[in-house]
Amino acid sequence: MNKMSFILFEFITLLSLIIVPFHIKQSERVNSLMQYSIVIDPGHGGKDNGCNYGDVVEDEINLNIGKYLFEELINNNFIVYLTRDDDYDLAYNNSENRKNDDLKNRVSIINGFNADILISLHVNYYQSEEVKGPMVYYRYNDEKSKELATCIQDNLNELSGLKKKVHSDDFYLFRKTLCLACLVECGFISNKEERNKLTSDIYQKMMSKQIANGIIDYLSN
Ligand SMILES: [Zn+2]
């Protein structure tokens, strides 16, 4: 081996020492996330618009953020499910109590996926137009759901610049589902500034990225 090819050999050896461990670390992370499955539940749909401000309806925003979150999580190698992927509710065709049947069917669909994590997506409304900011709810008395909610809330606080804390609740969806569960209220459509953001593609993508980052933070610790 002449001097030049020796230097080249040394360089390649050194490079492989740097690259290989990085590569292993990346693939370990990818493999560990691949084990987890996540159900995204865009709230309401169809005749049930959820809350609204004029023409701005909650179910449409929930669905858009849900689809972006689906893409974001797929790109991070999770197994991902959606409870709905278009503008319909989950009640039977001739249901006499659509709201009730929608929730019951939502629960059966979610439990049927047998996933690790449920993220239900909603948008808030309040009489006072001042109130704003994304808020994350966790299942009452469920410490792991609280940890997951805190990771998501921290990432959403980064986006909003606010310092919101997580809240617990015993929503029907929390009581009847089996997996780790959080409900994200993505913001208030009663606040003008937030309504404008929530209806923009760019902000919906940013919101979904922060929610995904929260999930990754929780699972990486
Ligand atoms: Zn809602």
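Residues are numbered from 1 along each chain as its sequence is written. In this predicted model, local features need pLDDT of at least 70 and side-chain atom pairs count only at pLDDT 80 or more, while totals for chains, interfaces and linings use all residues.

**Cores**

A nonpolar core is a set of buried Ala, Val, Leu, Ile, Met, Phe, Trp, Tyr and Cys residues joined through side-chain atoms within 4.5 Å; buried means under 20% relative accessible area (1.4 Å probe, protein chains only). The largest nonpolar core has 37 residues, of which I119, I211 and I215 touch the most other members. Helix α7 gives this core its largest share, 8 residues. Apart from this core lies another, of 13 residues, including V107 and F188. Contact means heavy atoms within 4.5 Å. Leaving aside neighbours within four places in sequence, I211 is in contact with residues including I65, I119 and V184.

**N155**

N155 is found in helix α4 (residues 143-160) and is buried, with a relative accessible area of 6%. Not counting residues up to four places away in sequence, N155 touches Q210, N213, G214 and D217. The C-alpha atoms of N155 and M207 are separated by 9.1 Å, although these residues are 52 apart along the chain.

Nonpolar here means Ala, Val, Leu, Ile, Met, Phe, Trp, Tyr, Cys and Pro; charged means Asp, Glu, Lys and Arg; the others, Gly among them, are polar.

| Class | Lining residues |
|---|---|
| Nonpolar | 6 residues |
| Polar | 3 residues |

Note on methods
Heavy atoms only, no water. Helix = DSSP H or I, 4+ residues; strand = E, 2+ residues; numbered from the N terminus. Buried < 20%, exposed > 50% of the residue type's maximum accessible area, 1.4 Å probe, protein only.
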